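Below are my notes, starting with the overall dimensions.

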Amino acid sequence: MNIVAVYARDWGCYCAQIEAVHKFELVYGWVIGRLLVEDDEKLVIAHHWFPKEDQVRHTTTVQKSCVIRRVDFRVKNGTP
């Protein structure tokens, strides 16, 4: 099982009413979990994995062009 940690930039979303001259920023953060899919443009990362049913929950798709740093881990056996 592959575990990945990526530090990436994302869009900022401002839901509250603010001044139009606000200093708008991109958001930077770590996304960590089981790597489900990787292709030329994206990584799909599951934050929760249930090995008995091989089901996942809380998945994030990260565009590779937004990844600043990546650390890969390999787990030999996914069950305790």
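I looked up the radius of gyration and found 16 Å for the protein chain, whereas a compact globule of 80 residues would have one near 12 Å. The radius is taken over C-alpha atoms, and the globule rule is 2.2 Å times the number of residues to the power 0.38. I also noted that the C-alpha trace spans about 50 × 25 × 20 Å along its principal axes.

A caution for my own use: this is a predicted model, where local features need pLDDT of at least 70, side-chain atom pairs count only at pLDDT 80 or more, and totals for chains, interfaces and linings use all residues. Residues are numbered from 1 along each chain as its sequence is written, and side-chain values use heavy atoms, with hydrogens and water left out.

Next I checked the secondary structure and found five strands and zero helices (DSSP runs numbered from the N terminus: E of at least two residues for strands, H or I of at least four for helices). The pattern along the sequence is β-β-β-β-β.

Then I turned to burial: 19% of the 80 residues are buried (under 20% relative accessible area with a 1.4 Å probe, protein chains only; exposed is over 50%, partly exposed in between).

L35 counts as buried because its relative accessibility is 14%. Which residues does L35 contact, leaving aside neighbours within four places in sequence? I found N2, V4, L43, V44 and R70, where contact means heavy atoms within 4.5 Å. Q17 is 18 residues from L35 in sequence, and their C-alpha atoms are 37 Å apart.
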